Amino acid sequence: MRREHLEHVLRAASQIAGDPDVLVIGSQSVLGAIPEERLPPAATASIEVDVAFFDDPDDRKADQVDGAIGELSAFHETFGYYAQGVSVSTAVLPAGWRDRLVRVETVEVPDAIRQRLRNWISSQLRSRTPPDPAG
């Protein structure tokens with residue numbers, strides 16, 4: 001995954017959950033702190049970003065992200081990467097981890113594009129049918 005892909009997932013997750021504070025947990029968090037050119041290929045090989053929200057006590061935001069841009073979603077099929085909505089409690093984090101967070105600023109999305117993204121997500125959610133277990 002490239003840094004631009006991480007930013008794309010963060011913008012989409014933020015938009016879906018209505019929360020600007022998205023926490024990246026796991027291997028792709030390195031893309032927030034170190035330029036991808038300085039990382040070994042294995043560090044950027046994943047197509048999944050684990051995202052959580054600080055204010056999500058019932059995991060509703062994580063579930064919304066998982067359903068809209070998670071594995072096997074139209075987002076995943078379209079872009080080749082996806083978000084896994086998780087709880088902050090999922091990770092075993094060291095003491096003082098909040099003090100060491102690295103803020104990732106992404107390019108602001110123009111209102112017209114944001115509205116198209118909302119419409120696209122809404123249409124995908126409305127038209128989504130449960131997977132056929134027979135394949």
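Visitor: Where does Ser87 lie?

Guide: You'll find Ser87 in the loop between strand 3 (82–85) and helix 4 (111–127). Keep in mind that what you're looking at is a predicted model.

Visitor: Why is Ser87 called buried?

Guide: Its relative accessible area is 16%. The cut-off for buried is under 20%, so Ser87 with its 16% counts as buried.

Visitor: What makes the link between the side chains of Ser87 and Asp59 a polar contact?

Guide: The distance there is 3.4 Å. A polar contact needs a pair of N or O atoms within 3.5 Å, one able to donate a hydrogen and the other to accept it, so the 3.4 Å pair qualifies. The side chain of Ser87 makes another polar contact with the side chain of Ser89, at 2.8 Å.

Visitor: Back to Asp59: why is it called partly exposed?

Guide: Asp59 has a relative accessible area of 26%. Partly exposed is the range between the buried cut-off of 20% and the exposed cut-off of 50%, so 26% puts Asp59 in that middle class.

Visitor: What is the phi of Asp59?

Guide: It's positive, about 65°, although Asp59 is not a glycine. Most residues other than glycine have a negative phi. Leu72 is another non-glycine with a positive phi, about 70°.

Visitor: How do you know whether Leu72 is buried or exposed?

Guide: Leu72 has 58% relative accessibility. Exposed means over 50%, so Leu72 counts as exposed. Leu72 lies in the loop between helix 2 and helix 3 (74–79).

Visitor: What about Glu36: which class does its relative accessible area give?

Guide: At 16%, Glu36 falls under the 20% cut-off and is therefore buried. Glu36 sits in the loop between strand 1 and strand 2, and its side chain reaches the backbone nitrogen of Arg3 at 2.7 Å. Apart from neighbours within four places in sequence, Glu36 is in contact with Arg2, Arg3, Leu31 and Thr44.

Visitor: Let's zoom out. How many helices and strands are there?

Guide: The chain has four helices and three strands. Read from the N terminus, their order is α-β-β-α-α-β-α.

Visitor: What makes strand 1 covered on both faces?

Guide: Strand 1 (residues 22–25) has Val22 and Val24 on one side and Leu23 and Ile25 on the other, and all of these are buried.

Visitor: Why are strand 1 and strand 2 said to pair?

Guide: Pairing takes at least two bridges, and four bridges join strand 1 to strand 2 (residues 48–53), so they pair. The two strands run antiparallel. One detail to look for is Val24, whose bridge partner in strand 2 is Val51.

Visitor: Which residues have the most contacts inside the largest nonpolar core?

Guide: They are Leu6, Val9, Ala13, Val49, Val51, Val65 and Ile69, in a core of 22 residues. Helix 1, strand 1, strand 2 and helix 2 (60–69) each give two or more residues to this core. Helix 1 gives the most, with seven residues. There's also a second, separate core of six residues, which includes Leu23, Ile25, Ala52 and Val86. In soluble globular proteins, nonpolar side chains tend to be buried together.

Visitor: Last one: which elements have the lowest and the highest mean pLDDT?

Guide: Helix 4 has the lowest, at 52, and strand 3 has the highest, at 98. For the whole chain the mean pLDDT is 83, and 79% of the residues reach 70 or more.

How values were computed. Residues numbered from 1 in each chain as written. Predicted model: local features only at pLDDT ≥ 70, side-chain atom pairs only at ≥ 80, totals over all residues. Heavy atoms only, no water. Buried < 20%, exposed > 50% of the residue type's maximum accessible area, 1.4 Å probe, protein only. pLDDT = per-residue confidence, 0-100. Core = buried A, V, L, I, M, F, W, Y, C linked by side-chain atoms within 4.5 Å. Contact = heavy atoms within 4.5 Å.
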